[in-house]
Amino acid sequence: MSVFRFLGAILLLLSNPGSGSRWSGRQPGNEAAPSFALAGTSSEPIEIRADAYGRPLAQDALSEQYSKPSISLDQGESIRFQVVIPTEGDYTVAFDYAAPENVVVTAPEGELRVDGALPMEDARRIVFPVFYRNEGNEFPLDRYGNQITVQPVRMAAWTQAFIRDMNFSHKYPVQVHLSPGEHEFTFTLNRQALALGSIYLQVFLPDISYRQYIDENRHPETSGVLITLEAEWPSYKNDVSIRPIYNRSLDVTPYDTYQLLLNTIGEKGWQLSGSALYYEISVPADGMYCITLRALQNTANNFVVFRRVTINDAVPFDEFNELPFGYSTDWENITLGGETPYQVYLHAGVNVIGIEANTSPYNTAMENIRQSIAEINVLSLEIMHLTGNQVDRYREWEIANYIPDINERLSAIATKLAEDKAALQEINGGLSSDVIMKYQMALDNILLLAEEPNKIPIRMNRLSEGPQSAMQLLGTILGGLKTQPLTLDKVYVHSPDVLPPSAHTSPWLAFSEGIKRFFHSFKPNPYQSIGANEGEVEIWVNRSRQFVDLMQQMADQNFTPQTGIQVKFSIMPAEAKLALAVAAGLEPDVALGVSTDIPYELAVRNALYDLRSFNDFDSFIRIYSPGSLLSYMINDSVYAIPETQDFWVTYYRRDSLDSLGLDVPRTWDEVFGILPELQRYGMNYYTPLSSGAGYKNYLLTAPYLWNLDAELYSPDGMSSGLGSEASIAALQFMAEQFTVYGMPLTAASFFDSFRSGTLPIGISNAATYTQLRLAAPELEGLWGMDLYPATILDDGAQNRYVTGSAQTCMIMADTDMPQESWEFLKWWMSTETQVQFERQLLMNYGPEYLWYTANLEAFRYLPIPEEHKDVILAQWQWLQEPVRLPGAYMQERAISNAWNQIVFGGRNPRVAIDDAILVTNREITRKLEELGYTQNGVPVRPITVPTIETIRQWMDEANR
């Protein structure tokens, strides 16, 4: 009935009973790989069955759905077989496969080698798409009557797929060029798990034209048929980012004046090449039909996007590979084929129409851009090696004497860019778009540099440095070409003599609806209303509505049925107003997503509930890094728990370090060792202290003290701890990175400098990680991560302590439902709930919604590369948050001021530290008196300074 009806149309095309393939006699399990030969003519496919892979056959529920032998592959496992090729040519490779149900978000990936080598670069990363369907057939309503998304669920079913390029940007499947004779194939699964059936080899043949298709399909035209599908209800899809969205236009259905309905699908969530929607549609009779889409492309201005359309899992003719959808501000009925619609044959009963985002018309331009970026990067490094990246307007260079072919290289880049720009303008009908303008800006930069190559050293901002340089403009263009946004409202399948209904409503209806919505706009936003019903736990969330909707849905479906506790979520008006809400008696029971510096300020004013008063608290916190709780403690009480966590790690450019022959430094001594070589070529190392802000808070400064075994406070917590020799050494070390070793004093954006190559290595946090994954396509495969540099102590020990605070959860002190609130927090931060939430975020809203949960067990399920996950988890073993004590804010400020005075004012470090101690102790004394810890300077209440060892002791005792 669809792609998952395995013995359907495609398999019949690939299988040829009676000829097929023959096995050369080696039995499974022998040391040599099984060998096959193409039988009959060279155009016939060969099938390599799973029982010939020399591995045990699968015996599970998934294998029972497949009519042939199959095997199960885990990450890192391989199979190999040999094939005898009679005729030289290009061949395609197809797999029968199914992804197990535990493969949820990240698709399996593999690698194919022929005779021990990669036949092409795309064979290094073969992606096996996984499929999802809606959990129900109606959108659920939230408590305010607005529709919310149905949760997608994985389809563990068999399908067949040809090897595609890793970006799904080529028009046809990958072709492997093979010479006559025997070849050994080795397939290795590099990510996830996979059930593997037969593998097929077939001579590549391009798709036929529409004219040939019509000649071969002499079926009668149908008459009087009009079938309408609401596009927001696909039968299944291969990308969780494609999601239903609200649209308030009167031209779409369904529509409601006052409620929000999920009535369209796509837009920015449906823009990556290869992401597809599939619609199962039943037609009454065999015959020829037309397809019309009610579509809107108003996201990419003056830009044409493309879709590939399949019928029953195959592209019927070549024109369906690249169907254009131009820019429009209004909804349009777009009949495939235009004024002379394409007609496709559908058999009576269920057929499957697939609509896939496709960048193949732009593929040549994208490949040229990638090549141009690589060439500019190499040229930029050569020039920096030559000049040391020293900008001197009064120094003249004869660049051609050192780089003789520089003119030819720049001219070649300019020629390719000019050709691609002309091709894009032709595709887009000569219209000027943002992509075209950036092309012209990059081209102008290259042409200017080619005219005067000797001035390139003072014009590096036009070549590779800065947002308007040719390299970064090309990176932006590449990202633009890769995005193909399109929104659908309806899919029509109709006879050639039937026209779909008009896409536009009457002006009178639009006027009357506008009046209704105008008056309705004066009603308060229910999502920002405060207050809960009797018996409900009221929860304020400092996040956007997407998060709140999903939280409410999960709680209603899971938490309330399990516990009987009703909860109501609201968007927090502003976290800075929590103290005002407490004073007015309007505070909630629970607050989520609160910044890490707020809990202590509320707790010290008795506004938060002591979470450690719950008997099972010590056993519950085993899911956390011990050091993550320190900021929320007062004596032996804990007033908040982490919800999400940040991470500070080393990011590095592989290409830049390789060009200089440098290894990634693991300690600060190694960092200082590579600095001369970096600075020799105008590069440098970034630390968070180089951020543009003048104020350096504990998140940036405290790690330097901890890693030299210095303490922030005295043992009794009633004075500063900065007077120790270790603290003085730490502050000197912070300053000497800039005054002695020449690290950059300020950097407006590490991400931008990292992209340009001027800061090819440095320390940054999770925000940079997200930017590199989503906003730097030109750096794909060129960067990596490692641990925070270690500080080596005199005894040889290495410390890597660093902060990692993000958002927290807390219970307000005046709650009437403390136990119910605690039950909710335990459910919310449990591994099961956090894994479900992070998966649903990604499945509902796409890869930019990564959820960096503070639950270490749940974080292991985050679908990011394992090598990145290993680095983050290893660094979190060194996570430590700064302890908050009365007057601590003054010491935080004093350390920042001392650093600024030493670095920018040249002040003596000991003098600066003495002043910092004096100011800090004065404020600590005042706050201790105010909060009742001292009277007339005499201690009357003790202060216990929290430590990591204390928290570890709690965990150990609870687990005994």
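Q: Leaving aside neighbours within four places in sequence, which residues is T257 in contact with?
A: In this predicted model, T257 is in contact with R248, E513, K516 and R517, once neighbours within four places in sequence are set aside.

Q: Which of these has a side chain in polar contact with the side chain of T257?
A: That residue is E513, and the polar contact between the two side chains is 2.6 Å.

Q: Where is T257 found, and is this residue buried or exposed?
A: T257 is found in the loop that runs between β17 (244-246) and β18 (262-267). The relative accessibility of T257 is 10%, and the cut-off for buried is under 20%, so T257 counts as buried.

Q: How far apart are T257 and R910 in space?
A: The C-alpha to C-alpha distance between T257 and R910 is 69 Å, and the two are 653 residues apart in sequence.

Q: Turning to T644, which strand is this residue found in?
A: T644 is found in β32, a strand of residues 641-645.

Q: What joins the side chains of T644 and Q807?
A: A polar contact of 2.6 Å joins them.

Q: What else is T644 in contact with?
A: Beyond Q807, and leaving aside neighbours within four places in sequence, T644 is in contact with R543, A806, W851, Y852, T853 and A854. T644 has a relative accessible area of 6% and is therefore buried.

Q: Then T808: which strand, and what is its relative accessibility?
A: T808 is found in strand β39, residues 805-811. Its relative accessibility is 0%, so T808 counts as buried.

Q: Which residues does T808 touch, not counting those up to four places away in sequence?
A: T808 touches A591, L592, G593, V594, S595, T596 and P599, together with Y632, A640, I641, P642 and E643.

Q: Changing topic to the helices, at what angle do the axes of α4 and α9 cross?
A: The axes of α4 (residues 363-387) and α9 (residues 470-482) cross at roughly 155 degrees and come within 10 Å. Angles over 145 degrees count as roughly antiparallel, so α4 and α9 are roughly antiparallel to each other.

Q: Is that crossing of α4 and α9 left-handed or right-handed?
A: The crossing of α4 and α9 is left-handed.

Q: Which residues make the contact?
A: From α4, the contact is made by A365, M366, I369, R370, S372, I373, I376 and N377. From α9, A470, M471, L474, G475, I477, L478, L481 and K482 take part.

Q: How many of them are nonpolar, polar and charged?
A: The contact of α4 with α9 has eleven nonpolar residues, three polar and two charged.

Note on methods
Residues are numbered from 1 along each chain as its sequence is written. This is a predicted model: local features need pLDDT of at least 70, side-chain atom pairs count only at pLDDT 80 or more; totals for chains, interfaces and linings use all residues. Side-chain values use heavy atoms; hydrogens and water are left out. Axes are lines fitted to C-alpha atoms, for helices over the stretch in contact, and angles run from 0 to 180 degrees between N-to-C directions. Helices (H or I, at least four residues) and strands (E, at least two) are DSSP runs, numbered from the N terminus. Angles under 35 degrees count as roughly parallel, over 145 as roughly antiparallel, 65 to 115 as roughly perpendicular and the rest as oblique. A crossing is left-handed if the near helix is turned anticlockwise from the far one by less than a right angle, and right-handed if clockwise. Contact means heavy atoms within 4.5 Å. Ala, Val, Leu, Ile, Met, Phe, Trp, Tyr, Cys and Pro count as nonpolar, Asp, Glu, Lys and Arg as charged, and the others, Gly among them, as polar. Buried means under 20% relative accessible area, exposed over 50%, partly exposed in between (1.4 Å probe, protein chains only). A polar contact is a pair of N or O atoms within 3.5 Å; within protein, one must be able to donate a hydrogen and the other to accept it, and residues adjacent in sequence count only if both atoms are side-chain atoms.
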